[in-house]
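Here is a quick tour of a two-chain model, one region at a time. Keep the viewer open and follow along.

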Amino acid sequence: MTCFNKPPGGRFSRCLGPVFSLPALRGRPFWLIATFAAFQAQAAPDPIITDFGVDQILTELPRSAAEVFRETDSPEEAGDRLQILITQARASGDPRYLGYAQTLVNRWPEEQLTDRLRVLRATLRQSLHQFDSARSDLERVISTSSDTQQRIQARLTLANLELVQGRYKEAEQHCRAFQSGYPGLIAQSCLASLQARTADPETAYRNLASQLADSIDRQPADSTSRLWAEGTLGNIAAQAGLPEAKVHWQRVVKATPNDLYVRAQLADWHLERGHFEQVLRLTQGFDAVDTLAVVRAIAMERMGHPGSNELNSRLRQRFEEARWRGALLHARDVARFELDIENQTEEALRLATKNWESQREPLDTRLLLRSALAAGDKVQYQRVRDWLNEQGQSDARYPEFKQ
Amino acid sequence: MTVTRGIWLALLTVTLVSASGMAAAHKASDSFLYLDNGPTELRIDVALRDLALLTSIDRNGDRQVSGQELRQARPEITRTVESALNFSNSSGNCDLAGKKWGISEHSDGFYSAARYAIQCPDGGPPRALEYNLLFEQDALHRGLVSLDYDGQTRLAALGPDSRTLDLTGTENPGYFSVFATFVYQGVIHLLIGLDHILFLLVLIIPATLSFPKNQVPSGRSRALRGRLLELAGIITAFTAAHSITLALAALDIVSLPIAWVETVIALSIGLAALNVAWPILGHKTWKLAFGFGLVHGFGFASVLGDLTSGVSGLAVALAGFNLGVELGQLALLVVGFPVLYYLGKKRVYQKGGVPVMLAAIGAISLFWVVQRAPLF
């Protein structure tokens, strides 16, 4: 029996099946009996190619891999390298950089970590979805550090972490503390995001937009702060259902093409409106980044693009390998792929639920609502609705707005 | 990885090396280890990008790896990979004998790929694998292992905190559980398979009669001991015969069209019933049991084949299934024979019960023949 998403009129279709759960990778190797088709592919690897040509270029190497592993006693140098690696991971979507960063962090004994290294480790841990240990690193810096700059960065990082996890009370506390140490557009963006997610996105949008205009009139804010505010405005506008979202995000993408987060938000926005050509343009050359590749795959499928099957099968292989590995850094993207490409509603719901346990940004919440509707899981759907009511959160992108 | 939003405050920004726009897909660093054939063979694929951290595969430093550069680096690559692997069993560490080397393609580009024979001192398969590649460079590197046993695949991921793997398979359903499952299946199949039960019934009827059908009554009942011996002979012949053909068919040595096998099984019941009344096929019931037992074996094999697809240890399954069938037979005899033996002393059984039973069984048999024969 196959379930299709979005039953008309919000009616639920019963479609319950066995839920397969992957064991978490914790220390010991685990075994999976490969009884399901998804893993059959790996049982027979592609044959070994022995007749490759001498002139064939087999791969291109990134620039800075080797220097990462130079030993250093200097925490400043280690911190610089760590920050570069994390930024590279963020800008390229390449998880190998997180691996190198983890190697670097592992070399520093706990008692020799400086405040900066601890903040960087927390950032790395957040990227690896180790939210609790990231939080405890940041809280420790906030409460014990004598380095003001690191305390401020820790506040901001923690405010964002709490915002992502949907812990709005904690986020507000850190936003306010951050504002008193570092007033300006970034702090205003922090508070506006909170207001949007817990009360009124339209008011939050108007306030932040006028603050941004003021700051540009008064004295040009540094570009980092301005672009951060633009990105936030885009998020809030999209939540409020305002068409201005596109303009704000486009500014960010133009100024920083490597801001994959904003690029993905914009691509999603176009996808929801059926602007498939724009989706293809935005995601062109970003097949390597799961989030963007999945949005691209959905657009291709919906427009009947000839390259659709090829991209789908590449993503399928990539996600199979990720499952084999056992890490679920990709749960959100895989869930969306399962829902919108594979029509595997139960699996989509399982992954979306797992993802929502740690990340509750609007797109995470929408994915879970849609998966629950598609799978006919009233309990899960109501659980999310209750949480949204409790927070006072509404979003034009949630499925109930479209009925 | 999922894209995340993050920000460094201006006061903390460092100069960044711009991220290169590589065309290959991004995934975490994984090597692929495929173990098969016992496992006595290994295929290991390591990403070229990962090998660049360990070996000099980019000699001219242009951040591109050409086919030529890779071929030149082959000795260094294989040495590096081999020294990070350790297979062992109780007789000591095993050697890796290279069989093939080249490249392969995975979702994030080309990998160096090699196939090895794993040679342990005692000639047996390895029992443990230790994997130490790349963990010092990439703490998130994993060795993804696929272990093949008779068509059943098990997957594992090796990491810095779990570098060794037990290859003996204690963590999957072992042979004992396969054996137990198939003993159960054998019993069930015999007990719910009415045709085998009827055939057995027909075979044992002569042994329940006080006077062998074909002998002139000598005025004395045959002793119980003699009848039990006769019964044992019949059952042994049937068992031996169907064991032979079950094994031949299950191991794919002989295969017969199942429709005909089923038809002949149905026919065998009728002929056996007829033979009780008119011994057209001879007086020796054990010969009859053996002959038709051969056909029944093919019938059991078709059930076994449906059950064993995807199960490792076919021989174990076969032995278990066979034992299950025998246990089912034994259970039937233990319950059925005393009843028939008791009835065998009654005239009404001899004169009425047996003919009616034989006629009914014969009719059922003919009905099945018509139903099963692939002619209609």
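For the helix packing below, axes are lines fitted to C-alpha atoms over the stretch in contact, and the angles run from 0 to 180 degrees between N-to-C directions. One thing to keep in mind throughout: this is a predicted model.

## A helix pair in chain B

Let's start with helix 6 (residues 224-250) and helix 9 (residues 314-343) of chain B. Their axes sit 11 Å apart, and the packing angle is about 155 degrees. Angles over 145 count as roughly antiparallel, so that is the label for helix 6 and helix 9 of chain B. The crossing of these two chain B helices is right-handed.

Which residues of helix 6 of chain B meet helix 9 of chain B? On the helix 6 side they are Leu231(B), Ile235(B), Thr239(B), Ser243(B), Leu246(B), Ala247(B) and Ala250(B). Facing them from helix 9 are Leu314(B), Leu318(B), Asn322(B), Glu326(B), Gln329(B), Leu333(B) and Phe337(B). Sorted by class, the residues of this contact come out as nine nonpolar, four polar and one charged.

## Where the chains touch

Now for the interface. In total, 84 residues of chain A are in contact with 72 residues of chain B. On the chain B side, the top contributor is strand 10 (residues 152-158), which supplies six residues.

Strand 2 (residues 57-60) of chain A pairs with strand 3 (residues 64-66) of chain B in the antiparallel sense, over three bridges. To find the spot, look for Thr59(A), which stands opposite Val65(B).

Is strand 2 (residues 41-47) of chain B mostly buried or exposed? Six of its seven residues are buried, so strand 2 of chain B is largely enclosed by the rest of the structure.

Strand 2 of chain B has pairing partners to check. Strand 1 (residues 30-36) of chain B runs antiparallel to strand 2 and is joined to it by five bridges, with Leu35(B) opposite Leu42(B). These two form a hairpin with four residues between the strands, where Asn37(B) takes a positive phi near 60 degrees. Strand 7 (residues 109-119) of chain B also pairs with strand 2 of chain B, antiparallel over seven bridges. Leu42(B) turns up again here, standing opposite Tyr116(B) in strand 7.

## A four-strand sheet

Chain B also has an open sheet of four strands in the order 5-4-8-11, with antiparallel pairing. Its edges are strand 5 (92-93) and strand 11 (164-166), each of which pairs on one side only. Strand 11 of chain B pairs with strand 8 (residues 128-131) of chain B over three bridges, in the antiparallel sense. Within that pair, Glu130(B) is opposite Thr164(B).

Asn343(A) isn't a glycine, yet it has a positive phi of about 60 degrees. Asn343(A) lies in the loop between helix 16 (331-340) and helix 17 (345-358) of chain A. It counts as partly exposed because it has 14 C-beta neighbours inside 10 Å.

Over in chain B, Arg63(B) has a positive phi near 60 degrees and is likewise a residue other than glycine. Its place is the loop between helix 1 (48-51) and strand 3 of chain B. With 15 C-beta neighbours inside 10 Å, Arg63(B) counts as partly exposed.

Terms used. Residues are numbered from 1 along each chain as its sequence is written. Chains are lettered from A and ligands numbered from 1 in the order in which they are written. This is a predicted model: local features need pLDDT of at least 70, side-chain atom pairs count only at pLDDT 80 or more; totals for chains, interfaces and linings use all residues. Two residues are in contact if their C-beta atoms, placed from the backbone, lie within 7 Å. Two strands pair if DSSP finds at least two bridges between them. Angles under 35 degrees count as roughly parallel, over 145 as roughly antiparallel, 65 to 115 as roughly perpendicular and the rest as oblique. A crossing is left-handed if the near helix is turned anticlockwise from the far one by less than a right angle, and right-handed if clockwise. Ala, Val, Leu, Ile, Met, Phe, Trp, Tyr, Cys and Pro count as nonpolar, Asp, Glu, Lys and Arg as charged, and the others, Gly among them, as polar. A residue is buried if 20 or more other C-beta atoms lie within 10 Å of its own, exposed if 12 or fewer, and partly exposed in between; C-beta atoms are placed from the backbone.
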